[in-house]
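This briefing goes through the folding, the core, the ligand surroundings and some single residues of one model. Please keep the sequence and the structure in view while reading.

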Number of protein chains: 2
Amino acid sequence: MASPPQATVENPRVLPPNHTHTTFAQFIQRAASVCSPDNVTPTICTPCTTRGSSSPRQSYVCPRDVGEVQSILRLCNELTMPIWPYSAGRNTGYGGTAPRVPGSVALDIGKHMNKILEVDVEGAYALVEPGVTYMDMHKHLEETGLLKELWLDVPDLGGGSMIGNAVERGVGYTPYGDHFMMHCGMEVILPTGELVRTGMGALPDPTASSRSDLRPDQQAGNKCWQLFNYGFGPYNDGIFSQSSLGIVTKMGFWMMPNPGGYQAYMITFPRDEDLGAIVDIIRPLRLTDPLSESEQDEIAKKLKLGRWIFYGAVYGPEPVRNVLLDAIKGAFLSIPGSKFYLPEDRDEPHSVLRTRAKTLQGIPTLDELRWVDWLPNGAHMFFSPIAKISGKDASMQYEVTKKRVREAGLDFIGTFTIGMREMLFNRQDEEQKLKARWPIRQLIQDCADRGWGEYRTHLALMDQIANTYNFNDNAQMKLNEKIKNALDPNGILAPGKNGIWPRGYDRNTWAI
Amino acid sequence: MASPPQATVENPRVLPPNHTHTTFAQFIQRAASVCSPDNVTPTICTPCTTRGSSSPRQSYVCPRDVGEVQSILRLCNELTMPIWPYSAGRNTGYGGTAPRVPGSVALDIGKHMNKILEVDVEGAYALVEPGVTYMDMHKHLEETGLLKELWLDVPDLGGGSMIGNAVERGVGYTPYGDHFMMHCGMEVILPTGELVRTGMGALPDPTASSRSDLRPDQQAGNKCWQLFNYGFGPYNDGIFSQSSLGIVTKMGFWMMPNPGGYQAYMITFPRDEDLGAIVDIIRPLRLTDPLSESEQDEIAKKLKLGRWIFYGAVYGPEPVRNVLLDAIKGAFLSIPGSKFYLPEDRDEPHSVLRTRAKTLQGIPTLDELRWVDWLPNGAHMFFSPIAKISGKDASMQYEVTKKRVREAGLDFIGTFTIGMREMLFNRQDEEQKLKARWPIRQLIQDCADRGWGEYRTHLALMDQIANTYNFNDNAQMKLNEKIKNALDPNGILAPGKNGIWPRGYDRNTWAI
Ligand SMILES: Cc1cc2nc3c(=O)[nH]c(=O)nc-3n(C[C@H](O)[C@H](O)[C@H](O)COP(=O)(O)OP(=O)(O)OC[C@H]3O[C@@H](n4cnc5c(N)ncnc54)[C@H](O)[C@@H]3O)c2cc1C
Ligand SMILES: Cc1cc2nc3c(=O)[nH]c(=O)nc-3n(C[C@H](O)[C@H](O)[C@H](O)COP(=O)(O)OP(=O)(O)OC[C@H]3O[C@@H](n4cnc5c(N)ncnc54)[C@H](O)[C@@H]3O)c2cc1C
C-alpha cells in the first residue's frame with residue numbers, strides 16, 4: 001500500500017494514503033455513528049493545503065469512553081485508516097497534534113476522558129485518564145487539601161497532560177522528575193482493539209467477577225496496580241512509551257510524599273567558560289537540576305545574572321536541608337565570581353528563580369511560554385541531545401550547538417537538564433522555519449559523529465534521528481519493526497512515529 | 001509439534017520434545033563444533049529419570065563468547081532445540097538451573113563470559129558480563145580501592161550473578177534495591193540470533209566505524225549507554241526481564257555513590273499482633289527495608305529478639321542520619337515493648353543485624369544460606385506475593401500464609417520486603433516436597449481471591465501464577481504470546497517460562 005499522496009484536486013494532500021473522498025467519507029460517517037457526530041470533525045478537503053486557512057488541518061475524532069476508542073481502532077483496521085492519538089495535544093516543540101503521515105485522523109483521547117480516578121495518600125499515588133493536565137491535578141490537590149501530603153512533579157509548562165508527557169518520557173525537576181520511571185500501571189488499547197492492563201492490573205480485583213455488567217475498562221483495578229509496577233512475567237510498559245503500539249487510557253503515577261521542607265536556590269556564574277567546571281561539580285553531587293543560559297552578557301548584567309545559572313532545590317527537614325545547602329555552596333562557590341541566591345533575594349519581574357521555585361515543588365506554571373515571546377509569533381523546535389555528565393562533554397556540546405545555531409542566524413536558548421536545547425523561530429515565517437531545520441539536521445549529524453543522540457524529537461526529524469540509533473545494521477529498528485508488525489498488522493496506529501514504519505509503508509518514499 | 005515425552009527406553013524423559021537420540025546427538029555434535037567439545041556436556045540418557053543418580057540431569061553448553069551464543073541459537077532454530085539460559089545458576093528457591101520443558105539444553109552463559117567490563121566512578125555505573133557475581137564485584141571494588149566511592153546493592157545471598165538477579169527483577173535493600181530499575185543499557189541476543197543493544201547502546205560509538213574487524217559485540221559501547229537508560233523510541237528493556245525473549249550478554253548498572261555515612265539498626269517488637277501497627281508506621285516513613293519473623297517465641301526470647309524484627313539503615317552525613325534516626329525511633333518506639341539496637345548492641349553469634357549491616361551497605365554475604373540449615377538437607381521454595389503496604393493487608397496476608405503452611409506441617413520463615421515469604425523443606429524427601437507444593441498451590445489461590453499476586457516464582461508454579469494474571473480474558477498473556485511468537489517463531493528459547501508457551505506447545509498438555 002501507501003506511497004505519499006500527490007496534492008491534486010482529486011486527491012488533496014489532507015487525505016490519508018490510499019483513501020479517496022468516498023472511502024474517507026465512509027470512515028467519517030461510521031466514526032460519527034460510534035462517537036456521535038458532535039465528536040467528529042472532518043477536514044474540509046479543499047484542493048489546496050489548508051495551511052494558513054481557517055479550515056481544520058486534520059480530521060478529529062473524540063471518543064467518549066474506552067469502549068469507543070476500541071470501536072474506532074477496529075474501524076481503522078477495517079478501513080486501513082491511519083490514526084494519531086494524543087491526550088492534551090500540548091506537545092509544543094515536538095509537533096503539537098500533527099501526525100507524521102499527512103491525512104491521518106487525529107484521535108483526541110483526552111477531551112472526554114479527563115477524570116482523576118483516584119488519589120491515594122497512603123500509597124502516594126494517583127490514577128488518571130488521558131485528559132488530566134498538571135494544572136488539573138494541582139487544582140485537585142489544592143482543593144482537597146491533599147497538597148499538604150503529596151507533591152506533584154511538573155514539567156516547565158503545566159498545560160500538558162500527565163499521560164501525554166509521561167508516555168513521551170518527559171521530564172520534570174524534583175526527585176520524581178523522570179515521569180515514565182515514576183509511573184505505575186497502565187491500561188492500554190492495542191492497535192487491534194484489545195484492552196490490556198499492565199503490571200498488577202493484570203490480576204483482577206476480587207470484586208470484578210461479581211460485576212459482569214461492566215466492560216473490562218470499567219472494572220475496579222487491582223489494589224496493588226499503582227503500588228507495584230512490574231507484576232509477573234515480561235514487563236511490557238516500556239514498549240508503550242514513545243511508541244505506536246497502543247493507546248493509553250489510564251495510567252498510575254507515584255507522587256512524592258511531602259518531604260517535610262523545601263528550599264529553592266540559584267547560583268550564577270560570570271563566564272561562558274565556567275560551564276565545564278560547573279558540570280564537573282554537579283556530577284559528584286548527583287544533582288540533576290537544570291542549568292540555564294542567557295545568550296547575551298548585556299542581558300545578563302542588566303538582569304543581575306551570570307552567563308550560566310544553576311537552579312536547584314533541596315528537600316527535607318531543616319537540619320537535612322542545611323547540610324545539603326552547605327555542601328552545595330562549598331562546591332560551587334569555589335568558581336570565581338559565582339553568587340548564591342534564595343528566591344527572596346531576587347526582585348525582578350518574571351524572576352526565573354521564582355518560577356523555578358514553584359516548578360521545583362511541583363506547582364505548575366505557564367511562565368515559560370514567555371520564552372517564545374522573544375520574537376513576534378515565536379515558535380520553537382526542541383533539540384534534546386544526551387551527553388555524558390562531564391565538563392568536557394558539556395562544553396563540547398554547547399560549542400557545537402551554539403556554532404550551528406549562529407550559522408543559521410537564529411537565537412538560541414540553552415538549558416541543560418540531562419541535556420536539552422531549545423531554539424526559537426517565527427512560525428509564520430517559512431524562511432525562518434527552514435532556517436530552524438537546517439541547523440538541527442546538521443546538529444543531529446554533528447552529535448551522532450560524537451556519539452550523542454536525542455531523547456525525543458519533533459515529527460519532522462524522527463526518521464533522521466531514529467537512523468542515528470543504527471548500531472549493528474539497525475538491529476534495534478528491526479526489533480521495533482517486528483514488534484510493530486506483530487501488534488499492528490494493518491499499520492494503522494501512528495505510522496512513522498519515531499521512525500517506525502509498519503509493513504506496507506516504504507520508509508524511503510515517506511522520508512521528509 | 002511438542003507434547004510431553006513419555007519416559008520409555010527409546011525416548012527417555014531427559015530428551016527434549018520431538019527429539020530422538022539421533023537428532024539429539026546431532027545437536028550435541030554440532031554444538032561441540034561451535035564451542036569445542038570441552039564446553040558441551042551431554043546428559044547420559046539412561047532409560048530412567050536421572051533423579052538421585054550422579055549423571056547430569058541436563059545437557060550443558062557453555063559458549064565462550066557472544067558470537068558462539070549467536071551460533072548456538074541459530075543451531076537451536078535449525079534443529080528446533082529448546083534451550084534454557086542462565087548466568088550463574090544460583091536461582092535457589094525458584095528452580096536453580098532447571099528448565100521448564102524437560103530435556104531442554106542448559107546454556108551456561110556466565111561460565112566463560114564473566115568479566116567486569118567497566119566501572120566508572122564519575123558516572124557511578126558498571127558494565128558487566130553474565131558470570132559476574134555480587135561477590136566478584138565486591139572483591140573488585142575492594143581491590144581497586146573503589147569501595148570508597150561506589151556502593152553495590154546486593155540481595156541476601158551474594159553468590160548470584162548481577163545479570164541473572166536483575167533480569168529476574170530481584171531485589172536488595174539499599175535505595176538501589178530494585179535491581180532492574182537501576183540497570184541501564186543491555187546487550188541482548190534475540191531468539192533468532194540477532195544482537196541488539198538497547199537504550200543509548202543503539203547509537204554507535206564514533207570509534208566503532210573504524211574497527212570493521214570487530215564483531216558488533218566487541219565494539220566499544222556508546223559513552224552514554226550506562227548513563228541514560230531510554231534512548232529513543234519504544235523502551236524495550238522490560239520485555240527482556242522475567243522473559244524468554246532474549247539472552248542478555250552485557251548489562252549496565254547504576255551504583256550508589258558513597259552516601260557519606262551509614263548507620264544500620266534493628267527494632268524488635270514483642271507481639272505477633274504488632275505487625276499491623278508496624279506496617280502502618282513504615283508506610284508514611286516510606287521505608288522499604290525488610291521485616292523478619294522468628295516463628296517461635298522461645299527462640300525469640302532466647303535470642304533476645306521479638307516476634308517481629310525491623311531491620312533498616314539510614315544513609316548520609318551524620319547530621320542527616322541523626323534527623324532520620326530520630327524520626328524512625330519516634331515513630332516505632334510508640335509500640336509498647338519495642339526496643340532499638342545498633343549492631344554493636346548485639347553480641348550473639350550469627351547476628352542477623354550484623355549480616356544485615358553488611359547487606360544494607362552492599363557487602364555480599366552467604367550467611368542466609370543458614371536459613372535452610374534448619375533441617376538436614378534443607379531446601380526451600382519461595383512464595384513472593386505482593387500486597388498493599390497497609391497494616392490490615394499485611395496482617396491478613398501473614399495470617400493466610402501461616403495458616404496454610406501450618407496445615408501442611410512445615411516450618412515457616414516470613415520476611416516482608418515489599419512482600420516475600422519463604423518456606424523450608426527437605427529436598428531429598430519427596431513427601432516434604434509435595435507438602436511444600438500443596439500449601440503454595442493453595443496460597444496462590446487464597447491470594448488471588450484477595451487480589452494479591454506473586455512477583456516471581458518457582459518453575460513448578462509458573463503456569464498457575466501466570467493464570468492468576470488473567471484480567472480481561474487473559475489479555476496480558478495474549479499480548480505476551482503475540483510478542484513471543486513474533487520474536488521466537490520456532491519457540492526455542494525457554495519455552496514455558498513464566499507461563500508463556502510458544503506457538504506449537506499446547507499449554508494444557510504441558511501443565512504440571
Ligand atoms: C517552553 C516549553 C517548555 C517545556 N518544558 C518541558 C519540560 O520541562 N519537560 C517536558 O517533558 N516537556 C516540556 N515541554 C514539551 C511539552 O510541552 C510537554 O512535554 C507536554 O507535556 C506535552 O504535551 P501533552 O502532555 O499535552 O502531550 P500530547 O500532545 O497529548 O501527547 C504527546 C504525544 O504523546 C503520544 N500520546 C499522547 N497521549 C497518548 C495516549 N493516551 N496513548 C498513546 N500515545 C499518546 C502521542 O504521540 C502524542 O503526539 C516544553 C514545551 C515548551 C514550549
Ligand atoms: C536464603 C536465600 C535468600 C535469597 N535472597 C534473595 C534476595 O534478597 N533477593 C533476590 O532477588 N533473590 C534472593 N534469593 C534468590 C536467588 O538466590 C537470587 O535471586 C540469585 O541472585 C539468582 O541467581 P543467579 O543470579 O545466579 O541467577 P541465574 O540462576 O543465573 O538466573 C536466573 C534466571 O534468570 C534468567 N537469566 C539468567 N541469566 C540470563 C541471561 N543472561 N539472559 C536471559 N535470561 C537470563 C533465566 O531464566 C534464569 O533461570 C535468595 C535465595 C536464598 C536461597
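In the shell counts below, Ala, Val, Leu, Ile, Met, Phe, Trp, Tyr, Cys and Pro count as nonpolar, Asp, Glu, Lys and Arg as charged, and the others, Gly among them, as polar. On that scheme, the shell around ligand 2 holds 15 nonpolar, eleven polar and six charged residues. The model is predicted: local features need pLDDT of at least 70, side-chain atom pairs count only at pLDDT 80 or more, and totals for chains, interfaces and linings use all residues. Residues are numbered from 1 along each chain as its sequence is written, chains are lettered from A and ligands numbered from 1 in the order in which they are written, and side-chain values use heavy atoms, with hydrogens and water left out.

**Chain A overall**

- Chain A has 13 helices and 20 strands; helices (H or I, at least four residues) and strands (E, at least two) are DSSP runs, numbered from the N terminus.
- Of the 512 residues in chain A, 61% are buried, where buried means under 20% relative accessible area, exposed over 50%, and partly exposed in between (1.4 Å probe, protein chains only).
- Contact means heavy atoms within 4.5 Å. Among contacts in chain A between residues at least 6 apart in sequence, 70% join residues at least 24 apart.
- Accessible areas come from the Shrake-Rupley method with a 1.4 Å probe; for residues, only the protein chains shown count as cover.

**Nonpolar core**

- A nonpolar core is a set of buried Ala, Val, Leu, Ile, Met, Phe, Trp, Tyr and Cys residues joined through side-chain atoms within 4.5 Å.
- The largest such core has 108 residues, and those with the most contacts inside it are A:Met137, A:Met251, B:Met137 and B:Met251.
- In soluble globular proteins, nonpolar side chains tend to be buried together.

**Ligand 1**

- Ligand 1 is surrounded by 31 residues, of which A:Ser87, A:Ala88, A:Ser161, A:Arg456 and A:Lys497 are the closest; a residue is near a molecule or strand if one of its heavy atoms lies within 4 Å of it.
- The shell around ligand 1 divides into 14 nonpolar, eleven polar and six charged residues.
- Strand 3 (83-86), helix 4 (162-167), strand 10 (247-254) and strand 16 (378-383) of chain A each supply at least two residues of this shell. Helix 4 of chain A gives the most, with four residues.
- A polar contact is a pair of N or O atoms within 3.5 Å; within protein, one must be able to donate a hydrogen and the other to accept it, and residues adjacent in sequence count only if both atoms are side-chain atoms.
- A polar backbone atom of A:Ala88 is 2.7 Å from an oxygen atom of ligand 1, and a polar backbone atom of A:Val171 is 2.9 Å from a nitrogen atom of ligand 1.
- On its own, ligand 1 has 970 Å² of accessible area, and the protein covers 98% of it.

**Ligand 2**

- Around ligand 2 there are 32 residues, the closest being B:Ser87, B:Ala88, B:Ser161, B:Arg456 and B:Lys497.
- Helix 4 of chain B gives the most to the shell around ligand 2, with four residues.
- An oxygen atom of ligand 2 is 2.9 Å from a backbone N or O atom of B:Gly89, and one is 3.0 Å from a side-chain N or O atom of B:Asn165.
- A nitrogen atom of ligand 2 lies 2.9 Å from a polar backbone atom of B:Val248.
- Ligand 2 taken alone exposes 970 Å², and the protein buries 98% of that.

**Single residues**

- B:Asn18, in the segment before helix 1 (21-35) of chain B, has a positive phi near 65° and is not a glycine. B:Asn18 counts as exposed because its relative accessibility is 55%.
- B:Gln242 lies in the loop between strand 9 (195-197) and strand 10 of chain B, and its phi is positive at about 40°. B:Gln242 is buried, as its relative accessible area is 1%.
- A:Ile72 sits in helix 2 (residues 66-79) of chain A and is buried, with a relative accessible area of 0%.
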